[in-house]
Amino acid sequence: MEEKDLEAVSATCMASFLQSVAYTLSEEGVATFSKIAASDSFLERMKGDNLMLVAEDNGQIEGVIELKEGRHVAMLFISPDRQKEGIGRKLLSSAINYAKVETITVSASLSSVSAYEKYGFECKGEASESAGLVYQPMAIKINKVMHATSA
């Protein structure tokens, strides 16, 4: 992801969130996510130890993944009109190559749990809430062969 992608990435995240997640949350949760998905928030996180990858088709952003500190999927959103085409799986596979640990975690929105299960993640513990965001902790062990290719 490059700085020129910030607006498109933010718009992609918000479009997907509003279609698939927002209706399950309180106003506080929607406001919290809106701040996290804002262009300036992405820019700030780009300066830290967060890997951000995008999927593009003819110059259009189709999806984004953010891997925080090489260990936690902080964002994975696909354009609503491009979901269920394998873009999320490709982004996740690419991000895992940069993993710094053997177990990757995600705080999945409740509406995305089944998608993460298809990717191989397993639920870990009970669903929780933070700043209005309701999430299910999940994790996946990545195989050492895939992990070794990131060195």
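**Notebook: loops, a buried leucine and the overall fold**

I began with Glu69, which I found in the loop between strand 2 and strand 3, strands being DSSP runs of E of at least two residues and helices runs of H or I of at least four, numbered from the N terminus. I note that this is a predicted model, in which local features need pLDDT of at least 70 and side-chain atom pairs count only at pLDDT 80 or more, while totals for chains, interfaces and linings use all residues. Residues are numbered from 1 along each chain as its sequence is written, and side-chain values use heavy atoms, with hydrogens and water left out.

Phi of Glu69 is near 55 degrees, a positive value in a residue other than glycine. I looked up its accessibility and read 35% relative accessibility, so Glu69 counts as partly exposed (buried means under 20% relative accessible area, exposed over 50%, partly exposed in between, with a 1.4 Å probe and protein chains only).

I then turned to Asn58, which lies in the loop between strand 1 and strand 2 and whose phi is near 55 degrees, again positive in a residue other than glycine. Asn58 is exposed, with a relative accessible area of 77%.

Within strand 2 I picked Leu67, which is buried at a relative accessible area of 3%. Leaving out residues up to four places away in sequence, I listed what Leu67 touches, namely Asp49, Asn50, Leu51, His72, Val73, Ala95, Tyr98, Ala99 and Ile104, where contact means heavy atoms within 4.5 Å. From Leu67 to Ser109 I recorded 42 residues in sequence and 16 Å in space, C-alpha to C-alpha.

Helix 1 (residues 6-20) was my next entry: its 15 residues reach 21 Å from the first C-alpha to the last, close to the 21 Å expected at 1.5 Å a residue, the expected span being 1.5 Å times one less than the number of residues. Its buried residues are Leu6, Val9, Ser10, Thr12, Cys13, Met14, Ser16 and Phe17, and what covers them includes helix 2 (27-36), helix 3 (39-46), strand 1 (50-57), strand 2 (60-68) and strand 3 (72-78).

Buried residues make up 42% of the 151 residues, and residues 24 or more positions apart account for 61% of the contacts with a separation of 6 or more.
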